[in-house]
Amino acid sequence: MSPGVPLLNDYKKDFLLKRFTQTVLGGPRLKLGYCAPPYVYINQIILFLMPWVWGGIGTFLYQLGILEDYYTAALSGGLMLFTAFIIQVTSFYARNKSVTVERMLRTDILAEEDEHEFTSCAGTETIKFLIPGKKYIANTVFHSVLAGLMCGLGTWYLLPNRMTLLYGNAGGTVLLFFFGWMTLCTGEYSLIVNTAVETATFQTQDTYEIIPLMRPLYIFFFVSVDLAYRKYLLISKITIKIILWFMANIPALEQMNQILHILFIFLPFLWALGILPPPDALFLWAMEQILEFGLGGSSMSTHLRLLIMFIISAGTAVTSYFIPSTVGMVLFMTGLGFLLSLNLSEMGFAFKHSVARHRVRTKSKALPSGSEKQFTWKECLFYIIILVLALLESVLLHHFACCSQISKNSPQAIVGYVLMTLFLILWILREIQSVYIFGIFRNPFYPKDVQTVTLFLEKQARLMKIGVARRILLNLVSPFAMIAYLSLDSSLQGLYSVSVSIGFTRAFRMVWQNTENALLEIVIVSAVHLLTSGIDMWWNRSLNTGIRLLLVGIMCDRLIQFVSKLQFAVAVLLTSWTEKKRRKSATTLCILNLVFFPFVLLFIVFSTLLSSPLLPLFTLPLFLVGFPRPVQSWPGVVGTAACMCADTVYYHQMIPSLTTALQSAMVAGSLGILLPGSHYLGRFQDRLIWIMILEHGYTYCSINIKGLELQETSCHTAEAQRVDEVFEDAFEQEHNAKIAINGHFGNVLTPCTVLPVKLYSDARNVLSGIIDSQDNLREFKGDLVKVLVWILVQYCSRKSSMQENVHKTEKEKASVVILPDLNTSPQSKSSEDTLSLNSETLEDWSDDVLGDEPTTKKINEVKDQLKFLQSINLPLPGSVESQVFGDHSVDKVPEDNLYKAVLLGYPAVDKGKQEDVACIPLMEFSSHSHLLSLPEEWKSNCLPNYKMREMSLLFPEDWYQFVLKHLEYFPSKENVPNILEEIAKDRVLKDFYVHAVMTCYFSLFGVENMNPSPGHILRVYSGVLPWSLALDWLTEKPELFQLALKAFRYTLKLMIDKASLGPIEDFKELTNCLKEYESDWYIGLVSDEKWKEAVLQEKPYLFSLGYDHNMEVYTGRVLTLQELLIQVGKLNAEAVRGQWANLSWELLYATNDDEERYSIQAHPLLLRNLTVQAADPPLGYPIYSSKPLYIRLY
């Protein structure tokens, strides 16, 4: 990007300024892009100040002592409710009265949206501009009632006497009263007049009008704290005192109320800066935070699972509070903690699917949501045994060994020492599984210079054994040791305690839900308690063990976030300085960051406390605090949207093998601690795989896998090259030094391991010297006839075999001829190419047709002719028809059919004159020729007799005899060699094949019987045949057309193989070669649907012919299915969240969708372009996104 290109163009700057002004004021559009009458601005000001007027009337009456505070609130709220209804009714009337006027189209759509035609102060266009109205009538009523309630409570909240009592300062009261009403007016205007476009935008479209509720939500929160401080609420005109559990310390609540009153006047700026989340994001974020840190759960893969799990977990904590026995409470917490940490929904579905499959006793389809294996009784038994042992351990230890104060020799202290040892061992075993320790020092135990699967598996065998030992310690030993520690704690004696119920419900669940984090928390709490056991301090005196674990868990999580955010901020700052293109413009920002570093650090701390992304504006070192949002960062359901293209199928094919490899790596610990929200990047050839952890529990993990585009843009290529450099330095270079250091430590990508995955490797070769060689083209013609013979014979023999099977299974029914798939082989059932005529232009390595030679038949004409005929039962050569005359059945040779069969060399006869032609003497047929008979419609003649006689000389009779004698499709017949020998001597059957083969041959080469040109081969390969007398005849027979096209493609592949590997020695080698094409290859076009089917069916090899316009050469593309190594690294999660937050702000609020914008340009250190691609559509554009995949970690 040129340094002179601005971050925003001039129009976008003006547009953003207008939108930001509207956001700050809550909706009034006081800055327009055109000249508007003064009454437009006056009307907006009046509507903006209307709540203040009604609130001012109530406040005035209260200050005079005429009304009590609650009557004041009721009066102001009632007036505002009436005003809100009037406003909505006026808007509804204006929308219904207006007449739709069709305007001329304009090039600048945004400018057209800004322009309005105002006719009068109260005109229809003016009202529609001022009050757009609501989509739904229910929202019209609800928002109006909410506006009245907010005005009444806001008046009560900002009463001067109350604030004077709160602060004791009249000057402060005046400031709070003035700016507080400004905040209320912005909330009221956005709710009932015109909703402001909020900076904090979560959904791409506000379908249910949730955005207008954002500001009232926060206003009600501030008012509720003030009401709690006053110790009463008004409900149905009855005063009820609500004593809250935290009201024991009234001064603390008073201080909180004072702080919130001051913060209340800054709400418009917090809304404008996008720090406060919208209601939907706030709701999901709050549930995740409470579920994870308050209830011991995990972030969930879907919003529905999150809601259900939150309700169940909260119910568990509440129920434990009312259990009257400590033993019962321990049993309840242990059992529910274990059960809720399992993937119960997928286990239930798998069990139900297994039962259904057992009843049907048929092979079932693959389980959705990534469930690859059946839930077996062994797994069920394993979980039952674990549950029973955990319950027995907890109840026995709590009953017989509990309640002793912790000391250096107490049972709980001894268990604490064991846990510390376990933690140290597990940490060591996990670190040696990855290529780098701490992401800095290269692991000396990790295999060096690994480039092949076999070598890697041999070197990694020891590490895998260590990984198995680690998993046993993590899944079996550690949870029981931690349950022992918790069961022995004396804090469990505190029945009916909120803190004990919450703290220990979380602790007993964390043991299973996230064992590694739980082990870290218990080790820290145990160590601190042992060190400070003799000291009288708040930590030991006021907090029970459950609450200590909760606080330690929050602190550990926030510390990890702080380090990641700080690393991300430093990376953005340094790269802005080192990037030459933007150094001049970024110098000022870098200096400001250094000067105001304490404030930058404060922003980082604040975003860490909120667990919200650190937003670098335009990915420059201009940091803001993004609004809190769920771990997934996007509102949609995972895996439901992707920018599908032709390359999507390659990612889809590799998913099963990739999940298996990921399972092994996760079990061994090669990917580190599996935390929801972690991101990983995989790399193989031109493929980039984005992996995100969605959910984690006991022995399972849920992930989402995305596939990025295959290097088509310069930005994508530049960052992909950096990814290759990072992985090559980690995995493919010899490190001679004893202590090797990660040379790309500052990068957001840290290499972890390599995974053996079964996928397609892509090889693209130039065919110059092969496809344009005259010798090869001359041999091509002769080979085509042989391949046609082989294809037709194989097809007819398979058809006959299948027809015979139908006769056996349905003896009492009429015979039905079933045409097999054109690429069915005895070895495997595979998909084959269909005709692809959609190509119009040729791009790099494409399969489209060249236009360097004239083609008299248009593609569309050929396409229209490809209509399948209805199958009919026709007589076969050598068969005998049975006809009934009276009561007698007489066997009769079908003379007319035989007559037509031997008329191959005679002139064509009109259909209406066939009866006048004398029948020639009947010829003798073999009794078994019907086994290889061609369909009746393929026997018709379309070429002149002389042409057919001339081309018949090219028919390879010796090859025909060889193919017939080596058929393998009559297992039910006895004495097969004699039968095949007899069929080979049938001259009439041979004439059939001569006619069909040579007609197809003539159709493929056209009128001129010369060596084909490379352009001709490419066009026919793509399904576009030259015009000839036989073209219509062939295109009217879809089965034969596809067989001929397949034979042509096989012949081309044969020509390439002969040129590369050497000539074919004999007929047997040629037959083996063709059998290999039939069973192991798909030869066709990349654009064909059959190509995608072949990839998903994992055909061993795929071949396609193309043409490169840039290089002007013919190309061949070969895909080979094999097990290869995918390099995987871990991304800085906060760098991903920060860049996604900026993407959301830049596209949804600033509408900066320029394809060449700065924030999407290549950034080798931050991987900015790849991160943008990996975002969920419509902001990102991954070409593949899987549904949540559940991986079993054992």
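This is a predicted model: local features need pLDDT of at least 70, side-chain atom pairs count only at pLDDT 80 or more; totals for chains, interfaces and linings use all residues.

Residues are numbered from 1 along each chain as its sequence is written, and side-chain values use heavy atoms, with hydrogens and water left out.

First, the helix pair. Helices here are DSSP runs of H or I with at least four residues, strands are runs of E with at least two, and both are numbered from the N terminus. Helix α19, residues 498–513, packs against helix α20, residues 515–531, at an angle of about 130°, and their axes are 6 Å apart. The axes are lines fitted to C-alpha atoms over the stretch in contact, and angles run from 0 to 180 degrees between N-to-C directions. The angle makes α19 oblique to α20; under 35 degrees would be roughly parallel, over 145 roughly antiparallel, 65 to 115 roughly perpendicular, and the rest is oblique.

Which residues make the contact? From α19 they are R506, M510, V511, W512 and Q513, and from α20 they are T515, N517, A518 and E521, with contact meaning heavy atoms within 4.5 Å. They divide into four nonpolar, three polar and two charged. Nonpolar covers Ala, Val, Leu, Ile, Met, Phe, Trp, Tyr, Cys and Pro; charged is Asp, Glu, Lys and Arg; polar is the others, Gly among them.

Now the salt bridges. The whole structure has 30 of them, each a side-chain nitrogen of Lys or Arg within 4 Å of a carboxyl oxygen of Asp or Glu.

E779 pairs with K1058, with the closest N and O atoms 3.1 Å apart. E779 lies in helix α27 and K1058 in helix α36, so the pair ties together parts that are 279 residues apart in sequence. Buried or exposed? On our cut-offs, buried is under 20% relative accessible area, exposed is over 50%, and partly exposed is in between, with a 1.4 Å probe and protein chains only. E779 is partly exposed at 42%, whereas K1058 is buried at 15%.

R1049 and D1088 form another salt bridge, at 3.9 Å, and both are buried.

Last, R1137 and E1134 meet at 3.6 Å, N to O. Both lie in helix α39, three residues apart, about one turn of the helix. R1137 is buried at 9%, and E1134 is buried at 6%.
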